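Here's a quick briefing to read alongside the structure. Take a look at it first, then work through the points below.

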Protein chains: 2
Amino acid sequence: MKTRIGILGYGNLGKGTEIAVAAAEDMELAVVFTRRDPATVKILTDGVPVVKADEMAAWADKIDVLILCGGSATDLPVQTPQCAALFNVIDSFDTHARIPEHFANVDQAAKENGHVAMISVGWDPGLFSLNRVYANAILPDGKDYTFWGKGVSQGHSDAVRRIPGVKNAKQYTIPVEKALEAVRNGEDPELTTRDKHLRECFVVLQDGADAAAVEKQIKEMPNYFADYNTIVHFIDEDEFKANHSGMAHGGFVFRSGKTGINKENKHIIEYRLTLDSNPEFTTSVLVAYARAVKRMYDEGQRGCKTVLDVPPAYLCTQSGDELRAHFL
Amino acid sequence: MKTRIGILGYGNLGKGTEIAVAAAEDMELAVVFTRRDPATVKILTDGVPVVKADEMAAWADKIDVLILCGGSATDLPVQTPQCAALFNVIDSFDTHARIPEHFANVDQAAKENGHVAMISVGWDPGLFSLNRVYANAILPDGKDYTFWGKGVSQGHSDAVRRIPGVKNAKQYTIPVEKALEAVRNGEDPELTTRDKHLRECFVVLQDGADAAAVEKQIKEMPNYFADYNTIVHFIDEDEFKANHSGMAHGGFVFRSGKTGINKENKHIIEYRLTLDSNPEFTTSVLVAYARAVKRMYDEGQRGCKTVLDVPPAYLCTQSGDELRAHFL
């Protein structure tokens with residue numbers, strides 16, 4: 001029997017999850033829950049109901065894992081504990097600083113109601129976290145580096161759009177090649193914020209806006225841009241639509257560590273992602289871990305879990321024998 | 001109480017294990033077993049006994065995990081099942097084709113005697129296997145590439161040394177930069193053996209040997225060199241000792257996969273290791289997984305395991321709370 005998946009929220013993540021579930025031979029999409037009027041939500045899969053989120057409780061026995069596709073700022077802190085009372089769930093909560101609090105809330109709800117609830121699954125947190133943990137366990141004496149990009153920062157794009165005179169804007173975070181090379185060469189550099197990432201903005205102005213004033217406001221904006229080297233391009237709406245509607249992203253996790261009697265040997269571990277679609281890759285990770293949620297639930301595990309708790313084999317459709325023969 | 005570690009075999013891997021155990025605050029070296037005369041084996045750690053391998057059985061209750069540091073060709077197929085009858089064990093068995101057979105033998109011995117026995121731990125098999133499994137689970141529609149080097153191949157160095165007229169030789173396996181770039185750019189190239197790796201040999205000749213004849217024999221050697229582009233350098237003994245006694249190695253694991261309704265989005269996952277000392281890095285991995293062996297044993301797990309069965313958190317000294325707060 002296939003694992004029955006539910007989706008809550010049908011934006012970019014919801015759609016990505018739907019596509020990834022369709023590509024998984026051991027899963028089937030059972031239902032999409034939405035806070036919108038279901039009649040206005042057109043999904044890609046034929047024959048799957050779109051249901052008002054209020055009516056989720058009626059589905060408690062009809063799905064094996066609910067994949068939460070809301071945002072980390074306001075949706076998931078409320079939704080994940082609520083839904084963990086009804087279902088096994090998985091989310092991509094990515095506010096690093098609030099993970100311990102989110103974990104505690106979700107853990108309580110999941111344990112009280114006998115479910116498995118996995119949080120913070122994606123690539124950062126998620127695959128990047130895995131790489132930090134593996135690399136730190138293997139090289140206890142070392143230095144960590146994480147770089148993001150090239151990719152769109154939604155928060156920084158929003159900040160630019162709020163400047164008077166700006167009609168539309170996209171901000172790319174770009175790792176500085178020189179810094180990457182220094183880390184890769186084992187130089188263990190001390191890197192400031194400015195050394196690590198560039199910020200590049202593509203801005204469409206409103207008619208009559210003062211380009212120089214906008215550029216100054218961007219570059220001097222505290223927290224968002226003041227500590228970085230920032231490049232600002234002014235473009236027209238057509239170019240914006242043609243070249244800046246993608247959702248590419250990626251990044252790098254490095255650990256540089258030493259071994260030997262006199263710490264004379266250096267080792268560099270590098271993990272790199274280059275992603276055409278941030279939401280589709282994130283949901284591909286979510287769907288693989290939804291498989292693990294089902295398996296851990298079937299084994300009798302309960303409570304909140306993260307990627308750090310999951311044996312890699314649990315992400316796979318293949319048996320242990322197959323994995324050892326073909327992948328080990 | 002610290003985890004008590006035993007080592008069987010005191011070559012490069014044994015010494016690397018000793019150094020990694022000394023760097024682990026939660027472990028202590030209890031004993032080194034050797035097949036040599038213990039009086040001839042001088043280890044780095046004060047106060048730790050070196051004991052004849054025949055006398056291992058007397059140590060059954062005195063160590064928590066035995067780390068096997070023998071070779072895959074003849075030592076481990078015999079030693080790992082034997083030792084799994086006495087101890088929890090871990091090895092770095094790396095003959096990929098024989099892993100299923102080794103697993104079955106070790107699993108039986110470990111289960112019959114109530115131990116956990118982990119096999120094939122290191123970087124390939126090991127960390128590279130993990131990356132192949134994670135990446136395949138996340139991107140089911142894609143292509144895998146593994147490259148090795150730049151690093152010394154012991155087997156190829158031995159093959160060159162067996163040629164008449166050769167006094168000493170070292171062979172480096174080198175990934176072809178053009179092939180790496182094509183994979184990294186998402187071109188999904190079809191690569192032949194020759195496309196992926198170069199072989200570079202540094203050879204010291206015996207007095208009066210015919211360099212041209214030796215070079216021809218190397219380049220035409222079936223299986224080892226005939227299918228590759230091979231570069232041969234003749235050097236003298238002093239240069240050999242000065243520049244070719246290192247044990248650096250490394251490599252790359254890539255997966256290139258597609259997502260999207262029309263498979264229109266490409267994603268590249270790259271994992272790269274650059275290692276000054278192959279044995280010291282391998283044993284750093286072994287020691288981290290020895291921590292997991294102890295934890296799985298304490299939980300009541302039994303039988304043969306691989307890296308695919310281990311939750312990443314089990315490699316760490318930190319608690320779940322600490323890991324979530326600092327690494328997730």
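**Sheets in chain B**

Strand 8 and strand 9 (residues 166–175) of chain B run antiparallel and are joined by two bridges. Keep in mind that this is a predicted model, where local features need pLDDT of at least 70 and side-chain atom pairs count only at pLDDT 80 or more, while totals for chains, interfaces and linings use all residues. Residues are numbered from 1 along each chain as its sequence is written, chains are lettered from A and ligands numbered from 1 in the order in which they are written, and side-chain values use heavy atoms, with hydrogens and water left out.

*The four-stranded sheet*

- Gly151(B) sits opposite Thr173(B), which belongs to strand 9 of chain B.
- The open sheet here has four strands in the order 8-9-10-11 of chain B, with mixed pairing (two strands pair if DSSP finds at least two bridges between them).
- At its edges are strand 8 (151–152) and strand 11 (229–234) of chain B, each with a single partner strand, so one side of each has no neighbour in the sheet.
- Helix 5 (residues 154–161) of chain B packs on this sheet, touching strand 8, strand 9 and strand 10 (197–205) of chain B, and its direction makes about 145° with that of strand 9 of chain B.
- Helix 8 (residues 211–219) of chain B lies across strand 9, strand 10 and strand 11 of chain B, at about 150° to strand 11 of chain B.
- For those angles, axes are lines fitted to C-alpha atoms (for helices over the stretch in contact), and values run from 0 to 180 degrees between N-to-C directions.
- Helices (H or I, at least four residues) and strands (E, at least two) are DSSP runs, numbered from the N terminus.

*The seven-stranded sheet*

- Seven strands of chain B make an open sheet with parallel pairing, in the order 3-2-1-4-5-6-14.
- Strand 3 (50–52) and strand 14 (303–305) of chain B are at the edges with a single partner strand each, so one side of each is left without a neighbour in the sheet.
- Three bridges link strand 2 (residues 27–34) of chain B to strand 3 of chain B, running parallel, and Val32(B) stands opposite Val50(B) in strand 3 of chain B.

**Where the chains meet**

- 62 residues of chain A are in contact with 62 residues of chain B (contact means heavy atoms within 4.5 Å).
- The two chains, A and B, bury about 5400 Å² between them, 67% of it on carbon and sulfur atoms; buried area is the accessible area (1.4 Å probe) that two parts lose on being put together, summed over both.
- Strand 13 of chain A gives the largest share of the side of chain A that touches chain B, eleven residues.
- Nine bridges join strand 13 of chain A to strand 13 (residues 265–275) of chain B, and the two run antiparallel; Ile269(A) has Leu273(B) as its bridge partner.

**Details in chain A**

- Asp158(A) and Arg161(A) form a side-chain salt bridge (2.4 Å, N to O).
- The peptide bond from Asp124(A) to Pro125(A) is cis, with omega near 0°, and Pro125(A) is in the loop between strand 6 (116–118) and helix 4 of chain A.
- Another cis peptide bond joins Gly149(A) and Lys150(A), with omega about 0°.

Notes
Salt bridge = Lys/Arg side-chain N within 4 Å of Asp/Glu carboxyl O.
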